[in-house]
Amino acid sequence: MIRHLVLFRLNEGVERDDPRVAAGVAAFRALGDQIEELRFWECGWNVSDRPIAYDFAINSAVEDTDALGRYLEHPAHQAGVAQWREFATWVIADYEF
């Protein structure tokens with residue numbers, strides 16, 4: 001199995017209540033029901049106020065690297081990524097477990 005973690009940081013001046021952010025969150029929340037390669041899917045807002053903390057996280061799992069590739073190329077994933085590009089930056093980690 002491959003764990004796919006993504007941590008998002010909202011761009012300076014962008015707040016959680018921005019309509020673009022709300023739409024991006026909705027798009028990502030829906031992915032768990034839209035992409036068959038996903039074996040595990042959760043996402044949510046950070047609850048820590050530590051200065052090093054990111055704002056939003058995705059924690060997911062797929063069977064293998066081929067499934068990860070299909071997930072990454074899936075049109076619903078690509079549409080969500082396009083939305084988030086407008087207001088955030090992110091880092092990822094993909095690892096076997």
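## Contacts and overall form

Two residues are in contact when heavy atoms of theirs lie within 4.5 Å. Among contacts in the protein between residues at least 6 apart in sequence, those joining residues at least 24 apart make up 72%. The structure discussed here is a predicted model.

The protein has 97 residues, and a compact globule with that number would have a radius of gyration near 13 Å. The value for the protein is 13 Å, so it agrees with the rule for a compact globule. Along the principal axes, the C-alpha trace spans about 35 × 25 × 15 Å.

## Order of elements

The secondary structure consists of 3 helices and 4 strands. Read from the N terminus, their order is β-α-β-β-α-α-β.

## Strand pairing

Strand β3 covers residues 56-62 and pairs with strand β1, residues 2-10. The two strands are antiparallel, and 7 bridges link them. Within this pairing, Leu7 has Ala57 in β3 as its bridge partner.

Strand β3 also pairs with strand β2, which comprises residues 40-45. This pairing is antiparallel too, with 6 bridges. Here Trp45 stands opposite Phe56 in β3. Strand β3 is mostly covered, since 6 of its 7 residues are buried.

Where does Leu68 lie? Leu68 is part of helix α2, which runs over residues 65-73. Is Leu68 buried or exposed? A residue counts as buried when its relative accessible area is under 20%. The relative accessible area of Leu68 is 10%, so Leu68 is buried.

Which residues does Leu68 touch, leaving out those up to four places away in sequence? They are Ile2, His4, Val62 and Asp94. Of these, Ile2 and His4 fall within the residue range of strand β1, and Val62 falls within that of strand β3. Leu38 is 30 residues from Leu68 along the chain, and the C-alpha atoms of these two residues are separated by 8.5 Å.

## Surface and charge

Across the whole protein, 35% of the 97 residues count as buried.

The protein carries 9 positive and 17 negative side chains. The centres of these two sets lie 3 Å apart.

Methods: Residues numbered from 1 in each chain as written. Predicted model: local features only at pLDDT ≥ 70, side-chain atom pairs only at ≥ 80, totals over all residues. Heavy atoms only, no water. Rg over C-alpha atoms; globule rule 2.2 N^0.38 Å. Buried < 20%, exposed > 50% of the residue type's maximum accessible area, 1.4 Å probe, protein only. Lys, Arg positive; Asp, Glu negative; His and termini not counted. Charge placed at Lys NZ, Arg CZ, Asp CG, Glu CD. Pairing = 2+ DSSP bridges.
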